[in-house]
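Me: I have a model open and want to go through a few spots in it. Can you take my questions as they come?

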Amino acid sequence: MDVKTRTLILLSAMLLIVNYVETMVVPALPTIERDFSISATLAGWVTSAYMIVAAAASPLMGKLADTYGKKKIYTIAVGFYILAVAMAGFSPNIWFLLIARGIQGIGFSMFPISIAFITDLYPRERVAFAQSLLSAMIGIGPALGLLLGSYVVEDLGWPYAFHTAAILSLILFALSLMYLPHTGNRKKEKVDYVGASLIGAGTVMTLVYVTEGPTLGWTSIENFGFLFLGLILYVAFVFFERRVKEPLLRLDLFKIRNFSVANLVGLVSGIGMFMVFIFLVYYAQIPSPYGLGLTIIQSGLIMSPVALGMIIFGPIMGKLMPKIGPKPIIVAGATLSIISYLMLWKFRSTPTELLADGFVSSIGLVAVILPLVNIVALSLPDEYRTTGLGMNTLLRTLGGSVGPVVATAMMETYQDPIVMLMNGQPMVLGFVPSSLAFDYISFFGVGIMVITLIISLFLKIIPSVLGRYRGRRKKKQLRPNGFPFSL
């Protein structure tokens, strides 16, 4: 087995475990809430703690990988993840679990570093295909997490999901130390910890606002203060980065149109794409006639088409990208995402219809994510590639964090009572999201993906990935702006 194939297998296996664990937490939340006797809001921070640290740490870890080497920082990220997963499985209380989940977020930075690994190892005509296999783990992992995680949580308890992941991660950690190669050109410079702190703190404040919106109120002074402070920190980050000699992220990189458009598409589409998961899981489990009334395990099976769509169409799109370029694939993906939301609006009365909706949405999902990663990787100079991928990961994570919150806010706003007759008198047993709530989620998703489609039209064709431009590429190896591609 050559070094390229071995590296791709190791990176894919680790990302599969990470995405499995993070989705496995979703069906485990009610059990965690009961075990620790906590509120649903505090239990929600089991996912939020990971998401916040993951978004904030990705740019910094990407910069460290560019500076000190991808293998070294990748193995450090995996080490943090193993430590945190092992801690989580033995959590004596909710606060210990939240700390462990936050440390796990540092490990999430292995995703942009993995993409940069592949870009360094593979020739440009094969990069898209290799990246598609890594990106497919984003779909396969959650499907396994919702399906297998449901069995583990019901039969063994949620700590065992962490225990098994820790053992598998440790094995892959040892193999990574032995077989991962050293790649890329290292640019020795100081690490901008101030810039990393500013953007990290700004991200934390913004995500706290998003997470606490349904509880504290979107316009309450207390919650709006988090958003205001986050915006101030972002502005401070921009001013500082313009003046520091060796910044965390060269802001002039955003002058490259495709890099800017790819980041904007990632931010907006992340909102729409991750709403699909919330829609499918909640609608499947809500009692009939309000939803389908499926069990946790049955709702996990509903997610299987998402993995199937990723497995089938990820490699296909990876092979198509060098021939037709990323722009047509993103446009097609946004269009399919629009269609999937329309299908969720009109066709969701049976499990079969919901399966079909999930399958179409998975194709749109991979068609948007895969080209974005490829565009960012090919748009930047080698020494800034991992940092740029980290920034793209931050923006997609930020968008992805907004989507579920918007969906749950709509489900909390539009509800129907569950009424039962007791001694001839109606009694309200509780409330569930109404059909109107899911209609509004569908409409919102359509609007978000239409905006994604419009933004993607501003992408410029990448000459380096199209066969008919290869002759021109040989003549223009270096553009006057100092970047290797004219984007």
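Me: Which residues does S176 touch, leaving out those up to four places away in sequence?
Reply: With those neighbours left out, S176 touches L10, K71, Y74 and T75. Bear in mind that this is a predicted model.

Me: Where does S176 lie, and is S176 buried or exposed?
Reply: S176 lies in helix 7, which covers residues 158–179. S176 is buried, because its relative accessible area is 4% and the cut-off for buried is under 20%.

Me: What lies 2.8 Å from a polar atom of the S176 side chain?
Reply: The backbone oxygen of L172.

Me: Back to Y74. Which residues touch the most other members of the largest nonpolar core?
Reply: Y74 and M110 do, in a core of 137 residues. Y74 is also one of the residues that S176 touches.

Me: And what does M110 touch, again not counting residues up to four places away?
Reply: M14, L15, V18, Y74, A77, V78 and Y81.

Me: What about contacts between residues 24 or more positions apart?
Reply: They make up 80% of the contacts in the protein with a separation of 6 or more.

Me: How do helix 13 and helix 14 cross?
Reply: The axes of helix 13 (residues 326–346) and helix 14 (residues 351–379) come within 8 Å and cross at roughly 155 degrees. That makes the two helices roughly antiparallel, since the cut-off for that term is over 145 degrees.

Me: Is that crossing left-handed or right-handed?
Reply: Helix 13 passes helix 14 in a left-handed crossing.

Me: New topic: T215. Where is T215, and is T215 buried or partly exposed?
Reply: T215 is in helix 8, residues 193–216. T215 counts as partly exposed because its relative accessibility is 47%, and that class runs between 20% and 50%.

Me: How far is T215 from A409?
Reply: The C-alpha atoms are 9.4 Å apart in space, while T215 and A409 are 194 residues apart in sequence.

Me: Last one. Which residues does the cis peptide bond at P289 join, and where does P289 lie?
Reply: The cis bond joins S288 and P289, with omega about 10 degrees. P289 lies in the loop between helix 10 (257–285) and helix 11 (296–302). Most peptide bonds are trans.

Technical notes. Residues numbered from 1 in each chain as written. Predicted model: local features only at pLDDT ≥ 70, side-chain atom pairs only at ≥ 80, totals over all residues. Heavy atoms only, no water. Helix = DSSP H or I, 4+ residues; strand = E, 2+ residues; numbered from the N terminus. Buried < 20%, exposed > 50% of the residue type's maximum accessible area, 1.4 Å probe, protein only. Polar contact = N/O pair within 3.5 Å; in protein donor to acceptor, adjacent residues only side chain to side chain. Contact = heavy atoms within 4.5 Å. Core = buried A, V, L, I, M, F, W, Y, C linked by side-chain atoms within 4.5 Å. Axes fitted to C-alpha atoms, helices over the stretch in contact; angles between N-to-C directions. Parallel < 35°, antiparallel > 145°, perpendicular 65-115°, else oblique. Left-handed = near helix turned anticlockwise from the far one by under 90°.
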